[in-house]
Each structure stands twice: as structure tokens, then as C-alpha cells.
Amino acid sequence: MNDAPSPPARVVSALRRRLLAWYGRHARDLPWRGSRDPYAIWVSEIMLQQTRIDQGTPYFERFMAAFPTVFDLAAAPEDRVLKLWEGLGYYARARNLHRAAKGIAGERAGRFPDTAAGWRKVPGVGRYTAGAIASIAFGERAAVLDGNVIRVLTRLFDIRACADDAATRRDLWGLAERLVPVKRPGDFNQAMMELGACVCTPKAPQCAACPARALCRAHALGVEAERPVRRAKAAVPHQEAVAAAIRKNGRYLLGKRPGGGLLGGLWELPGGTVGPGESHAGALERILRDELGMAVRVGGLVASIDHAYSHFTVTVHVYRCAHMGGTPSPKTHTELRWTLPGEFGRFAFPKANLKVLPLL
Ligand code: SF4
């Protein structure tokens, strides 16, 4: 970033003063705000990655009611943790949180790291999350840089370099670190994020209500809508997939996905991706034969569900199927279970399945 700003001390102190005063008056009342409990702050930060606050808040409240301490979380079965995460997406977050809770409750006897460097060693905690927890819970002068902060900084200092480039990102971290004050670093970081979420929004920022307006170079130049500069997005690929609602004696066959990958540890109606030139019925027969060792007759379509993941979109076509032969045995799943519809509520499912299960 060859136009990396090095703001003078008077700008830095004016920005800190204005943001902290504004935050004191306008901070939203959120259930984890005001807490210095590292466990609550850690859960909230992990839960709110890639998730809107209005969507994440009820999940946070349910999660904390179920697991009020790191010991409760560590002792819980993974299925229960995933059930409380069901619908939030990015399930690796929940699995890492659970794994890390076991480490903290066990090897560390419940003692949390108290520095950003210590938090970086916790599974699922990156530089942003470590800075957020260390500054909010422990008052460390550690910076945060997420999408909101990037937008605020590139506008405030009219940074024209592409915000997706590694060199720019490094310089933005440096800038964020220079701005964090020794006193109230956690409040300052939250103020930056809050400003990005509520005032300095991606579209139509409310500059007239912004506490930093007098310091903002992009606003003075009228180029706030052009910051941050981002790399053009690649087209998102689309997949066609099929899934089978196989019923026997009133029960449906469910499979549990292996722990590590996409949607790991969640339960689903078995299925997979439709190959090029393949019919839906042909794909289902092939997948169930190869992956479960069973023969089926494909019946009527229950529903076609569209779903968007971060790197691709998918349409899942769910068909009723009759079991014609073979004892299902898991090859790509870790477990298979014939399940009554009344028991579905005990399992954590991906969103696409959640939309179709009530139709069965
Ligand atoms: S003045 Fe406008 S563009 Fe600048 S930081 Fe405030 S809201 Fe963002």
C-alpha cells in the first residue's frame, strides 16, 4: 500500500476522543456488551463471524443458557453443540469452539489466555478474534481488523490501494494498531466496528451522523462510495444435487457427515452431486448404491431447495425413494440411522434439509 497513511498524533487523538464519546452514547445494547467475561466474549465473537448481529443474538442467548461456562460447553456432546448452532452455518466454528473449550476446561483447568498472542493458539481463533477478546476482556492494546473496520479505515484515510491485497491488509493492520489507545482499547475497537456496522455502512453511509466526519478524507473528497477498493469477485459456481427421502416402517434414513469437512458432524438425507448429463433418478441410484450399498426406486419429487454457501450455490432436489434391496452401510457418512419424523428435532441438520424435513 504505497499510500499508507501515518496519521499525525492530533488526528489520532481526535479520532479516539470522538469515537469513544459517540460509542458511549450510541452503542447498541447487546447481550455480551458490558461483559468482561472472556468466555462470553469469545462465544459472541466466534458466533458473529460471517453472521449478522440480529441473526446471531438469539443463538448467543440460547447457547449461553445451555452452556453458561466453558466447563458446561466442554462436557456437552458434539451433537448438542451443533444442534444449538443449527441454521447459523460455518459449522467448523462450532466444532473448533467445542474442541477449544475441552482444552481450556481440561489442560488449562478453566484458565483462559489473557493476551492476544495466547488466544492465537486457540483453535478457530485468528488475529481479529484474538485482538477482540484480548482488548475487550483483558484491556490489552490489541487491534482488530474486520470488514467493518476495513471500510471505516479506507474511507477515513482515503486508502486507494485494493483492500484485498496482502500488502494493503498488512498496512491496514499497522494502521489499526496505531489507532488503538492504551486506555479503553476494547471500547475503541468496538466503536470502530459499531461505526462500520451502523453508520459507515457499505451502501449509503450516514456521513451527516458520523462522529468522525470532520476527519474523514473520503467524505471531504466525495469518494466514500468508492472505498474500499475491492478485487472483482469471481463468478460463483452452481451445483445441482439430489437427496433421498427413503422411508421404511415409518422411519427415514439419515446419515451423519464426517467431522472435518463442509457441514461436518451434521445429519442429512443421503444424496450427492448430479454428474454432467446425468438424470436426477440416475444420480440418486448411483450415489445410494456406491455410498450406502443399497438399491432404491426413485419416486416423486418432494421439493427443490436453493441454497447459497460462501463459495458456491446449490439446488437440492429431494425425492421420495423406496428401499429395494441391500443393507445400508456408511461409506461417506460416519453413522446411519432410521429415524421417526418426530425425532428429527434431536439432530442438527444443514439449512437445505431443514427446509424439506417438515414436508415429509
Ligand atoms: S464521514 Fe462517512 S465515509 Fe467517513 S467515516 Fe463517517 S460515515 Fe464513513
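**Around the ligand and beyond**

Modeller: Of the 14 residues around the ligand, the ones that come nearest are Cys200, Cys207, Cys210, Cys216 and Glu224. Keep in mind that this is a predicted model.

Biologist: Which helix gives the largest share of the shell around the ligand?

Modeller: Two helices each supply at least two residues of that shell, H9 (147-156) and H12 (217-221). With three residues, the largest share comes from H9.

Biologist: Zooming out, how far apart are the centres of domain 1 and domain 2?

Modeller: The domain assignment gives domain 1 as 9-226 and domain 2 as 238-359. The C-alpha atoms of the chain fill a box of roughly 75 × 50 × 30 Å along the principal axes. Taken over C-alpha atoms, the separation of the two domain centres is 37 Å.

Biologist: Which helix gives the most to the side of domain 1 that touches domain 2?

Modeller: The contact involves 10 residues of domain 1 and nine residues of domain 2. On the domain 1 side, helix H5 (78-85) and H6 each supply at least two residues. That side divides into four nonpolar, one polar and five charged residues. The helix that gives the most, with five residues, is H5.

Biologist: Since H6 came up, is Ala100 buried or exposed?

Modeller: Ala100 sits in helix H6, residues 92-105. Leaving aside neighbours within four places in sequence, Ala100 is in contact with Val122, Pro123 and Gly124. The cut-off for burial is 20 or more other C-beta atoms within 10 Å. Ala100 has 21 of them, so Ala100 is buried.

Biologist: How do H1 and H11 sit relative to each other, roughly parallel or roughly perpendicular?

Modeller: Helix H1 (residues 9-26) and helix H11 (residues 185-198) pack with their axes 9 Å apart, at an angle of about 80°. Because angles of 65 to 115 degrees count that way, H1 and H11 are roughly perpendicular.

Biologist: Which residues of H1 make that contact with H11?

Modeller: By class, the contact has eight nonpolar, one polar and three charged residues. H11 brings Asp187, Phe188, Gln190, Ala191, Met192, Glu194 and Leu195. From H1 come Arg16, Leu19, Leu20, Trp22 and Tyr23.

Biologist: What is the phi of Asp158?

Modeller: Most residues other than glycine have a negative phi. Asp158 is in the loop between H9 and helix H10 (166-179), and is partly exposed, with 18 other C-beta atoms within 10 Å. Although Asp158 is not a glycine, its phi is positive, about 45°.

Biologist: Is Leu263 buried or exposed?

Modeller: Leu263 lies in the loop between strand E2 (251-256) and strand E3 (267-268). Its phi is positive too, near 60°. With 21 C-beta neighbours inside 10 Å, Leu263 counts as buried.

Notes
Residues numbered from 1 in each chain as written. Predicted model: local features only at pLDDT ≥ 70, side-chain atom pairs only at ≥ 80, totals over all residues. Near = placed C-beta within 6 Å. Helix = DSSP H or I, 4+ residues; strand = E, 2+ residues; numbered from the N terminus. Buried ≥ 20, exposed ≤ 12 C-beta atoms within 10 Å, placed from the backbone. Contact = placed C-beta atoms within 7 Å. Domains from an automatic or database assignment. Nonpolar A, V, L, I, M, F, W, Y, C, P; charged D, E, K, R; others polar. Axes fitted to C-alpha atoms, helices over the stretch in contact; angles between N-to-C directions. Parallel < 35°, antiparallel > 145°, perpendicular 65-115°, else oblique.
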